Amino acid sequence: MSEFENNLRRTLKRREPPRDLTPGIMRRIEPATKPRPESKFRWIWNWRPVVAAAAAVMMLTVGVEQYREYRKAQEAKQQVMLALQITGQKLSLVQAKVDRLSQRSIGHEH
Amino acid sequence: MNTKILAAAILLAAAARSQDVPLDLFSGLMPKATGHVEVTLDASLLQMATRFMSGKDPDEAKAKSLIAGLKGIYVRSLTFAKPGDYSRADVEKVRAQLKGWSPIVSVHEADEDTGIYLKTDGEKIQGLVILSAEPTELTLVNIVGSIKPEDLKELGGKFGIPDVGDLADKAGQKKKEEE
């Protein structure tokens, strides 16, 4: 058997771990596995379906309200345009009458 | 309790002041009418409408600038099936409510009666009323708030609105000629 083989056998020989290895390792990993202190926002996580539903309802309500306001504004806009058209028509009517009367009085003068 | 009544009275008075002309004057004629148009726009609705008016559309842009200083636009227009469905007395009832308004144009013809009335504060126009009584149509337009004559002039050709100042001048000329 060569010296190389002897060295290899010595190196690969099964050795028993020291007696305090397991407790040592356990002591080192203990802090990592310890449960984290309870967060004050933990309830949100537990109530997430309710929170999600409430957020959805809130978004829907805001959306519906915004749409209602938009429709109301569109109606108001149409009413403004209608009111201005009627105003324009009536002012044109008055102007036509005044023009006609002016023409008539000028005609009388001549 | 008394405070609430007082507050309600103040609010009602404020609302009545902002409207100026009682528009329920036409309600008695409503059953006789075959059609009607009602436009009731207070300051908050006008503001709301302004927010959705495009600055790109020329008509809307002009309308936006015109209604910027307004507190309200009220229109009541009734259409009748035949002449004589409303009387001259009905028109006079409406006209009687326009005390405090200065008539700038008033045209009386056999079957038609039209007038433009202004409420002014110094040189500023604070309100405009158009009362138009045609054989089968009776219309009252009340525009409340600061109106610039140049705004109305600018709208000429857009909504068919002529220059009110021009009308007033012509009416003045006619009055002088009559004298």
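**The A–B interface and the sheet of chain B**

Modeller: Chain A and chain B bury about 3300 Å² between them, with 73% of it on carbon and sulfur atoms; buried area here is the accessible area (1.4 Å probe) that two parts lose on being put together, summed over both. This is a predicted model, in which local features need pLDDT of at least 70 and side-chain atom pairs count only at pLDDT 80 or more, while totals for chains, interfaces and linings use all residues. Residues are numbered from 1 along each chain as its sequence is written, chains are lettered from A in the order in which they are written, and side-chain values use heavy atoms, with hydrogens and water left out.

Biologist: Which three residues supply 19% of the area that chain A buries against chain B?

Modeller: Those are Leu84(A), Lys90(A) and Leu91(A), which supply more than any other three residues.

Biologist: And how many residues are in contact?

Modeller: On chain A there are 31, in contact with 43 of chain B, where contact means heavy atoms within 4.5 Å.

Biologist: What about salt bridges between chain A and chain B, how many are there?

Modeller: The count between the two chains is seven, taking a salt bridge as a side-chain nitrogen of Lys or Arg within 4 Å of a carboxyl oxygen of Asp or Glu; over all chains the same rule gives 13. One of the pairs is Glu137(B) with Lys90(A), whose closest N and O atoms are 2.7 Å apart. Glu137(B) lies in strand E6 of chain B and Lys90(A) in helix H4 (residues 48-109) of chain A, so this pair joins two chains. Helices (H or I, at least four residues) and strands (E, at least two) are DSSP runs, numbered from the N terminus.

Biologist: Which residue does Glu112(B) form a salt bridge with?

Modeller: Its partner is Lys97(A), with the closest N and O atoms 2.5 Å apart.

Biologist: Changing topic, what is the strand order in the sheet of chain B?

Modeller: The sheet is open, with six strands in the order E1-E2-E6-E5-E4-E3 and antiparallel pairing; two strands pair if DSSP finds at least two bridges between them. Strands E1 (35-42) and E3 (102-108) of chain B stand at the edges with a single partner strand each, so one side of each is left without a neighbour in the sheet.

Biologist: How many bridges link E5 and E6 of chain B?

Modeller: Strand E5 (residues 124-134) and strand E6 (residues 137-147) of chain B pair over nine bridges, and Ser132(B) has Thr139(B) in E6(B) as its bridge partner.
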